[in-house]
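Please walk through the backbone of this structure and then its ligand site. The sequence and coordinates come next, followed by the explanation.

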Amino acid sequence: MKKLKIADGIHMLSMNVEDILFEGIWEIANGVTLNSYIVQGEKTAIIDGVIGWDGIPETLYRNLAEIGVDPKKIDYLIVNHMEPDHSGWISNFRKIKDDFTIICTDQAGKMVSSFYGEDRIKIVKEGDTLDLGRGKVLSFHPVPNVHWPDTMYTYERGTKTLFSCDMFGAFGRLGEHCFDDELTPEEMDFFEAEGIRYYSNVMATFTPSVKRAIEKAKTLEIKTIAPGHGLVYRKNPQKIIADYVRFSRYAEGAGKREVTILWGSMYGMTAKAVEHTEGILQREGVKYHKLEMPLESESEMVATAFRSAGIIIAAPTYEYKLFPPVAAALNELGRKKIAGKTAFRFGSYGWSGGAEKELQEIMERTNLKWDFVESVEFEGAPKKEDLIRVEAGVLELIGKMKEKTVE
Ligand SMILES: Cc1cc2nc3c(=O)[nH]c(=O)nc-3n(C[C@H](O)[C@H](O)[C@H](O)COP(=O)(O)O)c2cc1C
Ligand SMILES: [Fe+2]
Ligand SMILES: [Fe+2]
């Protein structure tokens with residue numbers, strides 16, 4: 001567990017977590033951090049106390065002791081968000097100390113009771129404050145439906161620190177460098193990619209609420225953003241706010257000038273046209289990502305499609321429908337509401353076809369409103385004229401993507 005001083009009287013405890021499926025689904029190739037914050041005035045508050053997945057609260061207590069905080073002297077436990085990655089140690093903490101007060105929103109209060117049987121809860125509303133003494137004053141700002149309905153920001157007025165919980169978070173383990181101003185250019189690229197992976201996997205479904213939460217952050221004067229996952233931004237907190245604005249646009253159809261090829265092929269017929277497509281994208285100087293389904297992880301597939309302005313779906317007919325692993329990927333993008341992408345599909349069939357019909361059904365059901373170039377279907381192996389039609393489709397896609405490109 002890392003222990004870092006953020007400001008006088010404010011510390012962060014951070015734990016890298018690896019080898020788990022985040023939310024039980026997402027394979028996080030590069031890990032994730034769980035961050036807790038301790039604010040000390042005359043009274044002491046802990047924000048988003050986590051035990052991490054080692055399941056041993058003693059680890060947290062020992063680390064608290066090492067930064068000079070006696071766990072028995074914690075007065076307030078601020079639950080910005082009840083999800084157990086932020087609150088899992090409450091019951092254990094009660095065992096060693098029974099007179100602390102939980103502070104959270106009304107929605108979180110109901111969950112803290114139903115999940116942990118807690119009743120010593122103080123409910124806060126927009127703008128309520130808690131004076132800890134010695135200049136540390138916390139204010140609370142609900143940001144509902146940013147991941148869960150219960151979520152709020154906690155803001156410390158003296159140091160202008162925003163404890164943003166899941167907002168402004170990122171995947172990716174923290175190494176030596178935990179503050180934005182310490183990063184090497186490679187680390188900056190790493191956390192940009194991990195921010196995209198996190199937003200697309202965890203937050204994309206909630207984009208309208210995320211946009212409201214961004215607006216709320218803009219009403220506060222912020223010097224430091226201290227999220228529940230990932231880096232602390234003290235040099236340029238506006239950078240992560242601008243990144244989140246950009247990510248919210250990726251969820252609405254914008255993207256980098258990149259193409260994701262979501263493909264699958266049973267006997268290599270559709271694959272021949274994929275190969276041809278790669279040659280065209282290379283010739284046109286368009287970066288692309290080839291994701292063969294179902295070999296790619298869901299996390300990677302969602303993140304890659306999310307950041308790309310253009311999507312090529314290359315999949316044959318299978319039992320009168322779209323090749324199932326590719327259909328499953330599209331359904332997942334539908335759940336995540338990754339809308340408005342510019343797209344093109346081609347694929348092989350043997351006798352009746354049917355893939356195209358299911359593609360239309362998926363698009364209608366998920367209401368993704370992707371902007372499609374006319375699809376190309378071919379019988380058996382792609383012939384010369386089929387490849388010419390595929391080329392025309394790819395070029396049209398590249399042309400249409402221009403309006404949606406946001407780097
Ligand atoms: C299990 C299976 C189911 C198929 N179902 C259909 C179908 O319902 N209608 C159709 O036109 N072709 C169907 N086909 C034929 C494939 O679409 C055809 O072989 C196509 O060329 C496969 O392209 P690929 O090599 O890129 O996978 C099926 C093939 C397989 C192996
Ligand atoms: Fe969450
Ligand atoms: Fe979280």
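**Hairpins, backbone exceptions and the ligand site**

Strand β1 (residues 2-7) pairs with strand β2 (residues 10-17) in the antiparallel sense, over five bridges. Strands are DSSP runs of E of at least two residues and helices are runs of H or I of at least four residues, both numbered from the N terminus; two strands pair if DSSP finds at least two bridges between them. This is a predicted model, in which local features need pLDDT of at least 70 and side-chain atom pairs count only at pLDDT 80 or more, while totals for chains, interfaces and linings use all residues. Residues are numbered from 1 along each chain as its sequence is written, chains are lettered from A and ligands numbered from 1 in the order in which they are written, and side-chain values use heavy atoms, with hydrogens and water left out.

Glycine 133 has lysine 136 in β11 as its bridge partner. Two residues lie between the strands of this hairpin, where arginine 134 takes a positive phi near 50°.

Most residues other than glycine have a negative phi, and most peptide bonds are trans. Glutamate 23, a residue other than glycine, has a positive phi near 55°; its place is in the loop between β3 (21-22) and β4 (26-27). The peptide bond from methionine 293 to proline 294 is cis, with omega near 10°. Proline 294 belongs to the loop between β16 (287-292) and α9 (298-307).

Ligand 1 sits in the second largest pocket. On a 1 Å grid over the protein atoms alone, a pocket is an open set of points where a 1.4 Å probe fits, with protein on both sides within 12 Å along at least five of seven lines; a molecule sits in it if more than half of its atoms lie within 2 Å of its grid points.

α8 (269-283), β18 (317-318) and β20 (342-349) each supply at least two residues of the shell around ligand 1. A polar side-chain atom of serine 265 lies 2.6 Å from an oxygen atom of ligand 1, and a backbone N or O atom of methionine 266 lies 2.5 Å from an oxygen atom of the ligand.

How values were computed:
A polar contact is a pair of N or O atoms within 3.5 Å; within protein, one must be able to donate a hydrogen and the other to accept it, and residues adjacent in sequence count only if both atoms are side-chain atoms. On a 1 Å grid over the protein atoms alone, a cavity is a set of points where a 1.4 Å probe fits but cannot get out, and a pocket is an open set with protein on both sides within 12 Å along at least five of seven lines; lining residues have an atom within 4 Å of a point.
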